Amino acid sequence: MPGLSRKFLVTEEELPPPSENPKKTFALLDSSGDGKLQIQEVVDYIAAITGAQTSEVEVELAASWSKWDTNNDRHVDFSEFRRGLLPSIVRMHQHLNGAPRRRSQGPNIFSDSEGWFRHWDRDGSDSLDVGEVLRALSKTFRSCTREELKSVLSALWPMIDPDGSGGITREEFLAPDGLRDLLRLNGMR
């Protein structure tokens, strides 16, 4: 099977509904054909079907990989795939195809700013990195495209992450010149 690419996934291959054909989904991800999924194969697949930056996907997967690789051999075999990774891929496909999500959009960013921040701080680090902020804004401001939000975020990031840490702390988010207030000033609703 050829290596995964955005073009291959989007235009040349009909993506199977993962829950209907787990073996075909596994084979599609297993671009090396060795019967084991390496993290990069899954990163390529997810980046291709979501349009996300590979670096964003790598960060997300690195945090979850050990949960799916239950025998810690740095690969996910078919049985591990069915038990752990497949349900995540099914949810992603449902989301991309407009199926209802189980997770809420979270509290209102303006009327419950602290609640909004806590909701999107999934790892409890009291900081939101670029990927977390982009995901949160995509869910909060559904009328904006991901590309529009990336553009806004790219322009605002140096102002909202003044210490250059790569993340926005709760204090930075709630500051008078923080992300919440900049979004409000720019008419985001």
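Reply: The structure holds 7 aromatic pairs. Rings of Phe, Tyr and Trp (its six-membered ring) pair if their centres lie within 6.5 Å; planes under 30 degrees apart count as stacked, over 60 as edge-to-face and the rest as tilted. This is a predicted model, where local features need pLDDT of at least 70, side-chain atom pairs count only at pLDDT 80 or more, and totals for chains, interfaces and linings use all residues. Residues are numbered from 1 along each chain as its sequence is written, and side-chain values use heavy atoms, leaving out hydrogens and water.

Take F26 and F78. Their pair is edge-to-face, at 5.4 Å centre to centre with 90 degrees between the planes. It links distant parts of the chain. F26 sits in helix α2 (residues 22–29) and F78 in helix α5 (residues 78–96), 52 residues apart. Helices here are DSSP runs (H or I, at least four residues), numbered from the N terminus. F26 is buried, at 8% relative accessible area. F78 is partly exposed, at 24%. Buried means under 20% relative accessible area, exposed over 50%, partly exposed in between (1.4 Å probe, protein chains only).

Now F117 and F173. This pair is tilted: 5.6 Å centre to centre, 40 degrees between the planes. It also links distant parts of the chain, with F117 in helix α6 (residues 113–120) and F173 in helix α9 (residues 170–174), 56 residues apart. F117 is buried, at 0% relative accessibility. F173 is buried too, at 0%.

Terms used:
Helix = DSSP H or I, 4+ residues; strand = E, 2+ residues; numbered from the N terminus.
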